[in-house]
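Have the model open and follow along.

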Amino acid sequence: MRKTKLVVAGVGHVGSYVLANAMKLGLFSEIAVLDKKEGVAFGEALDWRHATALTYMPNTSVKAGDYSECADADVIICAAGPSVIPSEKDEMPDRSGLARTNAAVVREVMAGITKYTKEAVIIFITNPLDTIVYIAENEFGYPKGRIFGTGTMLDSARLRQIVAENYGIDPKSVTGYMMGEHGFTAFPVFSRLNVQGFREKEPLDRETFRQKVVKTAFDVLNGKGWTNAGVAEAAVTLAKAVMLDEKSIYPVSATLHGQYGYNGDVALSIPSVIGRGGIEQQLEIELDEQETSWLHESAKSIQHTMASVKTGKSYIRA
């Protein structure tokens with residue numbers, strides 16, 4: 001019987017949480033962890049090997065390794081690279097400040113992965129996410145659809161939680177999502193928002209809720225020093241959708257190919273069908289005038305960050 005395999009690249013605050021969630025998911029017979037700090041990778045793997053002896057843990061084989069572990073991987077989740085540093089003044093630091101450092105990280109990671117595979121589905125968490133995804137998708141000849149980022153999945157979860165809290169209901173009863181950048185310019189698609197099939201009881205102020213979603217990420221960051229639980233769960237949810245060929249729709253980050261007037265020149269989040277092949281379809285849903293304006297604003301912001309690390313159509317062609 002063919003084994004199922006996950007590779008987790010980078011096991012810091014986020015990657016270690018990905019590993020924990022993936023172990024408990026029970027979908028992978030083998031998990032390999034990679035990290036520049038070999039001792040950290042070894043320690044995480046050994047810690048979880050011990051845990052497999054406990055009653056309710058699956059007997060997943062977990063080990064530390066190098067990029068050769070990617071050769072037979074089904075899914076690779078990349079959380080490598082430094083995260084945003086909390087603000088002592090309770091401010092909201094911009095994820096794009098990580099661009100130069102993490103552009104170098106993702107280029108190194110992709111060079112390592114592509115020595116061994118161009119078959120695995122790769123899910124990115126590393127920030128600034130949309131720029132990182134663009135580099136990974138477009139600079140290494142990887143098959144279309146097999147690389148994407150968690151995108152605005154977490155932003156969307158935050159939106160649903162905030163809207164649900166407004167009505168005093170379970171957030172899973174809210175249908176709605178954020179699109180665009182995973183960052184300051186993410187925007188809510190209120191024209192599609194509903195609560196169990198009903199529209200808002202009274203119109204909710206779009207800009208207010210947009211800012212609430214953006215700010216709450218930094219409430220977590222400035223409170224505990226990092227964010228990991230939500231984004232790790234988003235990544236593992238996507239891995240599950242791939243492994244089970246769910247055809248689930250999530251707002252994930254990938255390069256646009258004709259949607260909204262963009263063609264290979266930006267990566268951002270739009271609703272997409274996720275299955276065994278990765279992104280199997282990107283859905284260009286109709287947006288209203290305000291949402292369309294926000295989408296172009298978001299794309300412009302991402303392209304500015306892309307240019308700072310010399311990626312994009314003009315750089316790749318050159």
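With which side chain does the side chain of arginine 276 make a polar contact? The partner is aspartate 74, at 2.9 Å. Keep in mind that this is a predicted model.

You'll find arginine 276 in the loop that links β12 (263–275) to β13 (278–282). Its relative accessibility comes out at 28%, so arginine 276 counts as partly exposed, since that class runs between the 20% limit for buried and the 50% limit for exposed.

Besides Asp74, arginine 276 touches Arg2, Val121, Arg146, Val242, Met243 and Asp245, leaving aside residues up to four places away in sequence. As for valine 214, which is 62 residues apart from arginine 276 along the chain, the two C-alpha atoms are separated by 31 Å.

## Helix α2, end to end

Now over to α2, which has 14 residues (38–51). At 1.5 Å a residue, the helix should span 20 Å, and because its end C-alpha atoms are 20 Å apart, expectation and model agree.

Which residues of α2 are buried? They are Ala41, Glu44, Ala45, Trp48 and Ala51. These cover an arc of only 115 degrees around the axis, so they sit on the same side of α2. Among the elements covering these buried residues are α1 (13–25), β2 (30–34) and β3 (61–64).

Turn to the other side of α2 and you get Glu38, Gly39 and His50, which are exposed.

Methods: Residues numbered from 1 in each chain as written. Predicted model: local features only at pLDDT ≥ 70, side-chain atom pairs only at ≥ 80, totals over all residues. Heavy atoms only, no water. Helix = DSSP H or I, 4+ residues; strand = E, 2+ residues; numbered from the N terminus. Buried < 20%, exposed > 50% of the residue type's maximum accessible area, 1.4 Å probe, protein only. Contact = heavy atoms within 4.5 Å. Polar contact = N/O pair within 3.5 Å; in protein donor to acceptor, adjacent residues only side chain to side chain. Expected span 1.5 Å × (residues − 1). Arc of directions from axis to C-beta.
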